[in-house]
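Colleague: I have a few minutes before the meeting; could you put the model on the screen and walk me through it?

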Amino acid sequence: MKNRPPILYKFLDPNALSIFKDRSLFFSKASDLNDPFEFRAQVSKTMSDSIMVKKRQEITEMLYQNGVKTGKFTGSFSDFCRIHSPQIESNVRAMMVSSQQEFQSVIPHVVNDECLILSLTDCWREVTMWSHYASNHTGFVVGFDTSDVFFEEDHGKTQLFEVNYEKELPTIGIPETSGIRDFSHPVLRTKSESWTNENEWRLIKYGQLREDERFVKGRFFGEYSFQERIVKEVIFGIEAKGDLIKQVLEDTRSNQKYEIDFYRMKRVPNVYLPSREKI
């Protein structure tokens, strides 16, 4: 895994000009991102020893109490465990299969209900991202200082990590507690290798959806404010209009707290990979 880059970038379309005056970023729910195949996982067929002990005890006590209640068994608990050991083990195996299937089905819903995601990248020159996320090169990219407090982990409520790209879904075990961070890391940080070119990093906010509710164009977002010092670079697309560039420069230079390096994308002779030049 790479070290945290000093700057991470957000691709934006021309309509996102308000970012400099509002000084806020919008985090999305998992269901609003653009890959309907992620935020799932394979569930391990084995359980931890502590979970197995707990579940076996629960099932044994349930069967024993049911036997006593119906009059089918009148002996002690230890006698029941000895006599009905095969039945207990059969029920434990059935419980394991049921728990795995149930847990696998709820993973996407738990992630969607408990996490907000800000997608960033460490690569500002990726041409396809300029096409997809910056309105065919007419938008701009903002570079953020990752050493700022905005990216701090904040007692487990916030986490920044690099996305891994794989052929298969991650494999996770059933967690021993209900805390989302006990199982969500592999789910949140793994995508299909089809997206490798995006070099994505994700800033995650956990369990704060009710505090920051906001709907934009019918979709849910969490809005989080940042200080001007966090913005270090702005890069305009090669097709960005002069009016857009003028407006961004006016909005930022009128606020002396901004200290930004401005660039514009440019073509490089003989190769497809673009470069940038300072404005």
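This is a predicted model: local features need pLDDT of at least 70, side-chain atom pairs count only at pLDDT 80 or more; totals for chains, interfaces and linings use all residues.

Colleague: Where is arginine 23 placed?

Modeller: Arginine 23 sits in the loop between α1 (19-22) and β2 (24-28), and its phi is positive, at about 50°, although the residue is not a glycine.

Colleague: And asparagine 199, what is its phi like?

Modeller: Asparagine 199, which is not a glycine either, has a positive phi of about 45°. The residue lies in the loop between β9 (190-192) and β10, and with a relative accessible area of 27% it is partly exposed.

Colleague: Staying with β10, how many of its residues are buried?

Modeller: Strand β10 covers residues 200-206, and seven of its seven residues are buried. In a regular strand the side chains alternate between the two faces of the sheet. Here one side of β10 carries Glu200, Arg202, Ile204 and Tyr206, the other carries Trp201, Leu203 and Lys205, and both faces are covered.

Colleague: Which strand pairs with β10 over seven bridges?

Modeller: That is β4 (residues 115-121), which pairs with β10 in the antiparallel sense; within this pairing, leucine 118 has leucine 203 of β10 as its bridge partner. Strand β6 (residues 158-162) also pairs with β10 in the antiparallel sense, over five bridges, and there leucine 160 has leucine 203 as its bridge partner.

Colleague: Changing topic, how many disulfides does the structure hold?

Modeller: The structure holds zero disulfides. As for individual cysteines, cysteine 115 is buried with a relative accessible area of 0%, while cysteine 123 has 17% relative accessibility and therefore also counts as buried, the cut-off being under 20%.

Colleague: Zooming out, what does the protein have in the way of helices and strands?

Modeller: The protein has seven helices and 15 strands, and buried residues make up 44% of its 279 residues.

Colleague: What share of the contacts with a separation of 6 or more comes from residues 24 or more positions apart?

Modeller: Among contacts in the protein with a separation of 6 or more, residues 24 or more positions apart account for 81%.

Technical notes
Residues are numbered from 1 along each chain as its sequence is written. Side-chain values use heavy atoms; hydrogens and water are left out. Helices (H or I, at least four residues) and strands (E, at least two) are DSSP runs, numbered from the N terminus. Buried means under 20% relative accessible area, exposed over 50%, partly exposed in between (1.4 Å probe, protein chains only). Contact means heavy atoms within 4.5 Å. Two strands pair if DSSP finds at least two bridges between them. A disulfide is a pair of cysteine sulfur atoms within 2.5 Å.
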